[in-house]
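Me: I would like to learn how to read the contacts in a structure like this one. Could you take me through it feature by feature?

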Amino acid sequence: MTLDLRLPIGLMFSLLGIILAAFGLATRGPSPLYERSLGVNANLVWGIVLLVFGQTMFQLGRRTLNQRDKLVPGKSAKGAVVRRKR
Amino acid sequence: MRLTSIDCLILLLYLVFALGIALSFRSRIKTSVDFLLTGRTFPLWICALAFAGASISAPEVIGLSALGARYGLQAAHFYGIAAIPAMAILGLFLMPLYYGSKARSVPEFLGLRFDHKTRILTACLFALMTVFSSSISLYAIARVVQGLHVFDGLFRSIGRPASEIFLFAIVLSAIIVIVCVIAGGLAGTMYTQVLNFCMFVAGLLPLTLLGLKSIGGWAGLKASLSVPFMHEWKGALHANGNPMSFDIVSLCVGLGLALGAGYWFTNVSVLQPALASTDADAARRVPLIAAIPRMLFPFLVIVPGLMAIALPTPHSVTTVTTNPDGSIVHSIQVVSPEAAQGKGIVPAKIDPATGQPAKTAGGQAQRSYDMAVPNMLLHYFPTGMLGLGFAALLAAFMSGMAGNVAAVNTVFTRDIYQSAIRRGASEEPCLAVARWTTVASVVRSLGGVYAIARFESVLEPLILIASIVNAPLLAAVLLGAFWKRSTGHGAFAGLISGTVAAILHHGLTLSAETHPGIHGGWIRVAHQYPNEITQNVWGAVFAFCLGALVVVVASLATSPRSERELVGMVYSLTPRPEQHRAEWWRRPEALAVAILVGAIAINIFLA
């Protein structure tokens, strides 16, 4: 079995979500930045949406990986990397 | 408005992941088979999203939103008539044949069904078309990079003129695609296509949402545009009744059959992901599942185009304020002539020779409709989201272009090199040939970029090349798959005559407001069409009809292959796929019906 694509996709969208949401939090309040997006703090809102999507993908992928680890003990090179990251 | 460091960070993050996924396949590629094929081991959802991703391309995003800005909701025909029905039929009837014949490309299938010469001819035509559409992708992305001023700061700091940005963007994108495809092969390309698909939706969905919010929802959009713009089907029966000048024949036969089905049934780059599924049943489901997100694409692509022209056109404003102390202050807000002569936030096209807005042959101002979506991004997205939006456009570009290049690799190496140039060549040179094909096809497509720049938008050249290649190819594929009497000589003659018909049609006709040359009429102008889209759609009608007619006549004049040899390649002679005792609602047929009902519902909503 090749790499489970849900892990990198989940990781990327989680990171994107964190960056956008953090930037959105930092620029909260009345700011000329959000004039163009109609006063909506688009970074914060969409950052959270992306973070939720990314985490859903990531957790789904990790669950499959853990189930596979239980079936084949000792063969969890990818799983180890993932766990260290968390 | 410039991209700031946070935008660049987001962009960089996307690029790192896209390249990283492709590079993770590097160690697995040992032979040309690893590089060009995938093995049939991919999960259904990856195949379906890669299928959806392969079909998104910069020409589609930029071109169809431009079409929306220019002609209104009629552009949605490209989804409702051209894409969805074709995808449903592909999944139901054609996929069992493609998958069951074990062919890995359309030329290979035609080689098995007909003969060797048909395979070579198809492969050559297909390679030509794909390289040309890569040119369109490169042009589109360079235009976006230029329009969003991504590299302006960098170029100013190193003291280079801004006019070099276009070339720089083309070369840079070409290098990214080459690295991605050479490192990942087809498998890596498919994986990045899934990522690109997600990125595309993540970047463009908020644009539609914000745009609709600002304009007052669907009702507000309807109120701010003229009636013909907001109806997909109003006056669709007659050419004078609708902005795009389609009539029922060009709409159904041209767009629905010759171009729509022609694209989905014969384009190797979109079919490859489906052929990587684990079994025939999954392969049939791939196009059907991919059709579900595709039904919503009019809202991601065409609606932003419409909103771009619904917004007020910027003008230079002078305000005079008299202060209490008696002093008078004039403040002038100047808008560039480009923006002021445009429509909405779609700028006018500037003639580089005069510096004035360019005019058509009929004296009307030309507009850069291609800039509709990039300008919408600039208009609505704050710093941060802007990087995401730009990454989404880049993802659409990478997805389509990498799919094209991977398909050319397969077709050239297997259908031209291994079957015609050096038959039975060993593995070692084949891998090298495949890798060099990647580089060669991208370099070749660089040459076409400046030809594309002379068209009004990127969709016209795309339809032109599809009418020359895909329309005749569709005639051969359809008659080969569904008529057991058709023969190799017939298909070969049909392909040649269809292609020649399309080229002659282009040489003999011209659209209003263009000059003879690359837009047609280079033999003499025998007929004038109202616009270039209609011109090329009619070209596809002629190519398909003449191609099909010649296939039929020439087949009847030659002797067919025995029915025993054609099992698995002709629908009527192929045993029906087993249904694995599935409940009725799990079968592909049920899914196809659901998709068609959904497509009809969306058509009614936009009607």
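**Salt bridges, an interface and a helix**

Reply: Over all chains the count comes to 11 salt bridges, where a salt bridge is a side-chain nitrogen of Lys or Arg within 4 Å of a carboxyl oxygen of Asp or Glu. This is a predicted model, in which local features need pLDDT of at least 70 and side-chain atom pairs count only at pLDDT 80 or more, while totals for chains, interfaces and linings use all residues. Residues are numbered from 1 along each chain as its sequence is written, chains are lettered from A and ligands numbered from 1 in the order in which they are written, and side-chain values use heavy atoms, with hydrogens and water left out.

Me: Which residue forms a salt bridge with E60(B), and how far apart are the closest N and O atoms?

Reply: The partner of E60(B) is R294(B), with the closest N and O atoms 2.8 Å apart. Because R294(B) lies in helix 14 (residues 280-295) of chain B and E60(B) in helix 4 of chain B, the pair ties together parts that are 234 residues apart in sequence; helices here are DSSP runs of H or I, at least four residues long, numbered from the N terminus.

Me: Is R294(B) buried or exposed?

Reply: Buried means under 20% relative accessible area, exposed means over 50%, and partly exposed lies in between (1.4 Å probe, protein chains only). R294(B) is buried at 3% relative accessibility, and E60(B) is buried too, with a relative accessible area of 9%.

Me: What is the relative accessible area of E563(B)?

Reply: E563(B) has a relative accessible area of 43% and is partly exposed. Its side chain meets that of K484(B) in a salt bridge (3.1 Å, N to O), and K484(B) is partly exposed at 35% relative accessibility.

Me: How many residues of helix 4 of chain B are buried?

Reply: Of the 14 residues in helix 4 of chain B, 13 are buried, so this helix is largely enclosed by the rest of the structure. G72(B), whose phi is positive, near 85 degrees, follows helix 4 of chain B.

Me: How many residues does each chain bring to the contact between chain A and chain B?

Reply: Contact means heavy atoms within 4.5 Å, and here chain A gives 26 residues and chain B gives 33 residues. Buried area is the accessible area (1.4 Å probe) that two parts lose on being put together, summed over both; for chain A and chain B this is about 2,700 Å², 85% of it on carbon and sulfur atoms. Across this interface the rule finds 0 salt bridges.

Terms used:
Helices (H or I, at least four residues) and strands (E, at least two) are DSSP runs, numbered from the N terminus.
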